[in-house]
Amino acid sequence: MTEKITNDEFNYFPAISGNNQELQVLLRKTSELLCKWFSDTNERSPLPLDNKFKVTYPLKNGSNINNLLNEIEELLYSSFCPSHPGSLAHLDPPPLTISIIGDLIASGLNNNLLAEELSPSISKLENDICKWLSKKIGFNEGSGGITASGGTLNNLNALVTAKYSSGLTFNNESILIISEDAHVSFKKCAKILGVEDKNIYLVHTDKNGCMHIPSFIKLLNSLISNGREIFAVVATFGTTIRGALDPLDEIGNICKEKKIWFHIDASIGGIYFLVNKKFDNINNFNLSSANSITINPQKLIGIAKTSSLLLVSDINTLKNTFQTGLPYIDTPDDVINRGELGVQGSRPAEIIKLWLGLRLLGMEGIEKILNDSLLKKAIFIEKLDENKFEIHSGPLHIVSFLPKNMPVADSNSWTLKAKKLLLERKYMISRPFYKGKYYLRVVFGNFNTTALHISELTNFLNNLYA
Ligand SMILES: Cc1ncc(COP(=O)(O)O)c(C=O)c1O
């Protein structure tokens, strides 16, 4: 009989008999802390103005649990608070309550999506939910997908698959086509894949921030007539700075005709394809010409980070690309281990919080969140003085703007001042650098932001630019 590993007061691991009294107390105390942190949100700023958080390190002996609870409290109160109504800077909404529970359950289970025998039910859950989502967006029976820790990783999963499926894995001169407004993650992916900058072609965007189709066609024809091989074309469905949507139908049809892998980075906008309601100029595209699509539920419907999906029209493309065999796992012939469908090996059960979130909201709940976000954006645009500000916004819930008729250097310092003054008033907005200038950007994915907050924000901006 081994002695239990404990410190003075506490068992280190959940007990396997009895009623787990200690774990119950710990869960109660930490949830009290977390709930208190949520409940007094309005008394703070979305971002601590003065970050006093001090990192502590392991000592010779383990720490007392009450000290750890105090340290957890300090961490909470020196953290960014996405639930604050003034938190409007980024694509980081408040977490749905049930998705917090999802992460708790995932940690408690500590299963591993690497292999079916390490996560029998969760492997099934991920497989079936991804398949359901794939069909929902218009893919057919052979489709499916995986989750990965963030959109960057899923864009990587997609490009590795694209290169492999096109027979170009070892062709260093093969080309990636993206728009000039595509997300920076593609630069990272290209480095990992050994694609040099000269082999990444950026198609320029039109005045609305969408890929310019005549330029795309011209580029493609010239590359093809010069015998160049293209391993993927990427369209962005929701650009990061202005929420613009590339014309998916045109790009998709061209890729299909030329037999080029078509990836859609719909990290931001993909969630709109889940609902039946047709939103103006958003979810009326046909996605079935795509080979792969990244969708990040973490960005708009409140599934806690990370929650990102890669959906593919043919699940065999992932299997063929990533299957290595797992010599240390005993796998029946008819089973595909989900660690062999993407770059990640050991993987947490992120699917649980997505599954619970989707179940809790239902289609109407999702639709309401999407609707409200667009409504808030419309109120903001209506209230921001168009004589004073140049506004850039595609159909999604993101607005970038900057003062009109100001030299660039003045405008750059004005946006810096505005951002700082707004934070002092508990509004956190972002200041992206886009095409040679700083903009201010507001993202309306926060369920706690009301029309009153938006009025206060626009009044401040309109008055600041006297
Ligand atoms: C359009 C787009 N694609 C991809 C990403 C990368 O996603 P993640 O930060 O989850 O890796 C982002 C992040 O903001 C994005 O806006």
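**Exercise 1. Helix α4**

Glycine 138 follows α4 and has a positive phi, near 110°. The model is predicted. Find what α4 spans, which of its residues are buried, and what they pack against.

*Solution.* 

1. Check the length. α4 covers residues 120-136, which is 17 residues. At 1.5 Å a residue, α4 should span 24 Å, and its end C-alpha atoms are 24 Å apart, so the two agree.
2. List the buried residues, taking buried as under 20% relative accessible area. In α4 they are Ile122, Ser123, Leu125, Glu126, Ile129, Cys130, Leu133 and Ser134.
3. Name the partners. The buried residues of α4 pack against α3 (97-109), β1 (144-148), β7 (308-312) and α10 (351-383).

**Exercise 2. Strand β2**

Determine which way the residues of β2 point, and which strands pair with β2.

*Solution.* 

1. Start with burial. β2 spans residues 175-179, and five of its five residues are buried.
2. Sort the directions. In a regular strand, side chains alternate between the two faces of the sheet. From β2, Ile175, Ile177 and Ser179 point one way, while Leu176 and Ile178 point the other.
3. Take β4 (residues 230-236). Three bridges join β2 to β4, and the strands run parallel. Isoleucine 177 has valine 233 of β4 as its bridge partner.
4. Take β3 (residues 200-203). Four bridges pair β3 with β2, again in the parallel sense. Here isoleucine 178 is partnered by leucine 202.
5. From β2 the chain passes through helix α6 (residues 185-193) to β3, a right-handed β-α-β crossover.

Technical notes: Residues are numbered from 1 along each chain as its sequence is written. This is a predicted model: local features need pLDDT of at least 70, side-chain atom pairs count only at pLDDT 80 or more; totals for chains, interfaces and linings use all residues. Side-chain values use heavy atoms; hydrogens and water are left out. Helices (H or I, at least four residues) and strands (E, at least two) are DSSP runs, numbered from the N terminus. The expected span of a helix is 1.5 Å times one less than its number of residues. Buried means under 20% relative accessible area, exposed over 50%, partly exposed in between (1.4 Å probe, protein chains only). Contact means heavy atoms within 4.5 Å. Two strands pair if DSSP finds at least two bridges between them. A crossover is right-handed if, with the strands pointing away from the viewer, the path from the first strand over the helix to the second runs clockwise.
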